[in-house]
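This briefing is intended for a reader who is meeting the structure for the first time. It takes up a pair of helices, then the surroundings of the ligand, and then the protein as a whole.

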Amino acid sequence: MTSFYSAKIWQEGKRGPPPIFASIGVRHPFQIQLDIALREQETLPSLFDLIGQEIEHFDAGNTVIAVAQIPKVSQDQSLEVFRENRAWQELQRRMHSSVARLEPRGLSMLAYALARMKGFEDPVLLTAVLDRSVTKMPDFGPTDAAKLLCKSRLQIRERSDLWVALSKEAARKICDSGRFIDISMTAWAFAKAGQAERILFGQLASAALQCNDLPPHTIANLCWAFAKSKNSNKDLFDMLAKRSIEAHRSFDRQSVSNLVWAFATLDVCHEELFAVFANYTIDSGLWRQFSPQMASNMLWAYGKVGIAHMRLFDTFAEYVALNIESFDNQNLANSAWAYATTQLPSQQVFDVLTKRACGRLSTFRLDELCGIMWAYVRAKPESVAFSHIFEESVQLLLPRVQSLDSQSVANVIWILATCQQLRQQAVPQARELVDSLMVALLDLRIRLDSEGAAQVVWSLWRMGRFHDAWILFVRTLSDGRHPEHGKTGYTKKHAVDGRQRYYQTLLMETEKRGDVQKQVFLWKQMAADFFSRNLRTACLNCAVMAYLNGGDQDGAREMLRQMVRTKLFNQVTGSLAARMGIRNLEAELEPAEILDITIRRRPNCQSRYEDFHYKEASVLETVVREARAGDVTSVHAAIENVGLKEVWLKIAGGEKACVIDNVIAKQRPKLILEFGTYVGYTSTRMALQVDAWGGKVVTMEMDPVNVTSLKEVEARNHIEMAGLSHAVMVQLGHSDDAVQMVLEKFGAHSVDMVFMDQRGTAFHDDLKTLERLNLMAENAVVIADNVLKPGAPYHVWRISTLPHYATDIIDLREFGSAPVEDWMTVSWVRFGPSYGQLPQEVRQLNELARESDRFRLKAMATSMKDLVGDPLDDFAKKFTDEFIQLGIRTSMYVRTDIIDGCAVSRLVRLGAGESPPVWAGEDPRDEIQGGQWRGVVGGVQFAGEALAPGGGYMREPPSRMTIAPGG
Ligand SMILES: C[S@@+](CC[C@H](N)C(=O)[O-])C[C@H]1O[C@@H](n2cnc3c(N)ncnc32)[C@H](O)[C@@H]1O
């Protein structure tokens, strides 16, 4: 840092800088000359020679100048060698005696110099400097205040009274000064001292926003300070991003690493900034000068915001290979984490990391050990999970079970289960390790939070230890014993409740086993977790359904009596009762005499999870209120109304439904497998159609609340009452687990239509699984939704390039948000040599995929409607351009007209090289109500139809044009 006390300013006498100390009258010219001479010394020995000669004549000003000169010339040399030097000892004595006379400038110079002197500590002196600073604070200028704060942090940490006094006054001045460098230094000092309170950082942010002159390293320091203290400020970071992008070429390696680290820490995913700094780091060759710490921080930052910048990760793969010997444990863990998180295929990187890590894992802290194991089960390719690192880690963990905290226990069990799944066999001695951890969990020596519990319950189940999972649930988690969900410092945008996830795992298995008692137990527990009466009722309805499905009429009757007693019943309950011959619940059923204690339980307020699912709760409420029992279309209309008029819902209605209807009409499937039930809109729509020829829909959902609303409101209530209960089956669970269960239930080659509506970047993996398990029939058809937004790049590549697919890509509009363009794909599948194979690898798809994931998360946290506009359109354009370059483009679009108050959609085939029209019309949702969106069926040929041998599997020619019923 250059000094603001240059010799030239010094010679300006009275017009020069403010005084260093209080003196009567003007300083003698000799003292000023001495200052200049001291400042001219360039080495420590020459400086100490001069001090030795002249110290007898020093005034307080000379003392400060001499001290200030030491760190400038010492070049990191320790002062230890001067310990016996008489001049140094005398200088120290004079420092002590001068403090009481120092003015703000002298105080800040002294504090700043002392903090930079290697091998010298004098807490008494520093405290004296700080004490004096407090009394003189009204006279401090902003720069002096900033320097004082910046360098005296350690002592200030112990003197919080001093800190408060200084901070109030100093921060005000610094903010008023408008000097960015001072603002940055101050923020840095407060953050470093752990004293970054919100109000102060708000003031600093406002002041920084007014500045024009922002040197790069001060930008990085300011960002670092805001990130370190978890103070984010959108306007400030937008401004800093803009300025950093403009000046990026002046950033040094430390500033680059600090800057991206700070943005990532605060989850500010400024895509342009990350792109600019990645390219700059590579193109300028700066990466070669990075320390391992900087390199791993940089990788970590890109992983954290989910930007899989391919060139950057490739370049740092080279860096890792070159510098691996200098990587410490944390660098290793962070780098592994970053490559795993971005899912970039990186076998070489992991080979290098493994070589460094194996044999030294005993030196890893537990969190680092868990971190690196986590990375190795998440990494691509999946063969990384065969690393010897797991064997070594299990051996290390076995004797350390007592020292694991709850988070690590959950992580370790989850890692071992996932590793077992990937390897298809357990890690040696993993069973013994899990046994010891189970003992600690059941003894309540370790108490899991709800997310940890979800991890452990799923893992135990996955390892074939359902009994242990159930015991853990009943003994430590049920009956209100589960600890409050939510962790301190929890920052995710949307609330996740682990309880819902462990219920899901347990329900999945109990339904598979047909264990009605356990299912009912779980549904009641779930009801007890909800505050909303609607959701409580929905869960209890599911309990009644479980009894009925299990043939236990008495159980169902008892449950209904409980519901009458608590007045937790609705239309759905009525229809369930009707199945048992009960027409009027209240009139025909005696309320239960003894109230079930679980049903009585109710939280005293709505949970974050419940709050987060306000949309689904609203659908449930609307359907119960507006739909008519026995009338499926009224259920659809009610759901559509919520999506069109209230909140955006992620359902495939409108133009999307038109595509599905057309495919169903062509394919006439016997069994449809849906990935992603949500509120049951598409599954019931499809069931309505396939029921005509005895077809069925199996729909998989990983979130039991959505299943509740489906089963209760639609599947059980309206569909069943409409005589369609036999046509829809909900398979609980994540598709990774649920597909296998579908196979067990329906057998190989049973599925002749697949509708993929889960996470787009997982479509290709799920499709691969369907092929591997031989679940699909010959000539099955696969429809995929949300292929453009949030996007399914791997899937598009797979179905467009592997010869056993014949694919159409259809351009259309999001339901309930016409300005949002999307794609659906329709692919007919043939068995053939490439069936089950991987497509050729195209690495740029990884970047698109990570971008898709980011958009999906944003859409979940807000709504697709809020994502209208530039970022989404830019992404769609990038996506489309990338695929055009790869020779892949849309082949159809959906056109919608308003006819007689109804929206009518039809499929239109595009000519060769023709692009779909840009949407510029009114949003149909303004004009129509739910139930008034029709799809024209017929009139187009899909590419896959030509594949069918002699068209044999198309039982009905597509020439007839019909308008599908229902919205
Ligand atoms: C877009 S919504 C489905 C909408 C529904 N198909 C419709 O149009 O009415 C996606 C749903 O898939 C579920 N989901 C996401 N990934 C899944 C997976 N791998 N397995 C099962 N369900 C999944 C989510 O919980 C969410 O409810």
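In this predicted model, helix α25, formed by residues 450-462, packs with helix α26, formed by residues 466-477. The angle between the two is about 155°, and their axes lie 7 Å apart. Angles over 145 degrees count as roughly antiparallel, and α25 and α26 are therefore roughly antiparallel to each other.

**The contact of α25 with α26**

- The crossing in which α25 passes α26 is left-handed.
- On the side of α25, the contact is made by Ala453, Val456, Val457, Leu460 and Trp461.
- On the side of α26, the residues that make the contact are Phe466, Asp468, Ala469, Leu472, Phe473 and Leu477.

**The shell around the ligand**

- There are 19 residues around the ligand, of which Gly676, Tyr678, Tyr681, Ser735 and Gln758 come nearest.
- Two or more residues of the shell are given by each of the elements α38 (681-690) and β2 (696-701).
- The shell residues divide into eight nonpolar, six polar and five charged.

**The protein as a whole**

- The secondary structure consists of 46 helices and eleven strands.
- The protein has 967 residues, and 52% of them count as buried.
- Among the contacts with a separation of 6 or more, 79% are accounted for by residues 24 or more positions apart.

Methods. Residues numbered from 1 in each chain as written. Predicted model: local features only at pLDDT ≥ 70, side-chain atom pairs only at ≥ 80, totals over all residues. Axes fitted to C-alpha atoms, helices over the stretch in contact; angles between N-to-C directions. Helix = DSSP H or I, 4+ residues; strand = E, 2+ residues; numbered from the N terminus. Parallel < 35°, antiparallel > 145°, perpendicular 65-115°, else oblique. Left-handed = near helix turned anticlockwise from the far one by under 90°. Contact = placed C-beta atoms within 7 Å. Buried ≥ 20, exposed ≤ 12 C-beta atoms within 10 Å, placed from the backbone. Near = placed C-beta within 6 Å. Nonpolar A, V, L, I, M, F, W, Y, C, P; charged D, E, K, R; others polar.
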